Amino acid sequence: MKKGLFIVIGILSVLLGVVGIFIPGLPTTPFLLLSSWLFYRSSDRLHDRLHRSRLGKYIRRYESREGVSALSKVCSLACMWGMICLSAFAVFDHLHLRLLLFALGAAGSYCILWLVPTRKREVTPPR
């Protein structure tokens, strides 16, 4: 029973991870890490399949502590602040909610800029 529950939750977590690729603000890697752990505990076949899939790159980057490219950080910040501004000015009318959104955006920006490691570019030697 526990094994089946882990498989079901793992599949749901993979689906949320895939959705997170396309929706700013919904994380991808944490859901895939959860899926990996759940599959490790319940199904070797699903665990191996996840790691060999295109989604496995997110898990491998996390495990190797490789970091995120500077371009990815810029795109993440642009998408995040675009959605924050859209929400703050088109959806919410209350000042307190707008301030809360901007405070959370500032916290998220801090995390992206200073807590998430930036992948170093490989320098190719001149010919």
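Ring pairs tie Trp81, Phe89 and Phe102 into a cluster; rings of Phe, Tyr and Trp (its six-membered ring) pair if their centres lie within 6.5 Å. Bear in mind that this is a predicted model, where local features need pLDDT of at least 70, side-chain atom pairs count only at pLDDT 80 or more, and totals for chains, interfaces and linings use all residues. Residues are numbered from 1 along each chain as its sequence is written, and side-chain values use heavy atoms, with hydrogens and water left out.

Searching the whole structure turns up four aromatic pairs.

| Pair | Centres | Planes | Type |
|---|---|---|---|
| Trp81 and Phe102 | 6.1 Å apart | 15° | stacked |
| Phe89 and Phe102 | 6.0 Å apart | 50° | tilted |

Trp81 sits in helix α5 and Phe102 in helix α6, 21 residues apart. (Helices are DSSP runs of H or I, at least four residues, numbered from the N terminus.) Trp81 is partly exposed at 27% relative accessible area, and Phe102 is partly exposed at 27%, while Phe89 is exposed at 53%. Buried means under 20%, exposed over 50%, partly exposed in between, with a 1.4 Å probe and protein chains only.

As for the helices themselves, α5 (residues 70-91) and α6 (residues 95-115) pack at about 175°, axes 10 Å apart. That makes them roughly antiparallel (angles over 145 degrees). Their contact (heavy atoms within 4.5 Å) includes Trp81 and Phe89 of α5 and Phe102 of α6.

Technical notes: Axes fitted to C-alpha atoms, helices over the stretch in contact; angles between N-to-C directions. Helix = DSSP H or I, 4+ residues; strand = E, 2+ residues; numbered from the N terminus. Parallel < 35°, antiparallel > 145°, perpendicular 65-115°, else oblique. Phe/Tyr/Trp six-rings, centres within 6.5 Å; stacked < 30°, edge-to-face > 60°.
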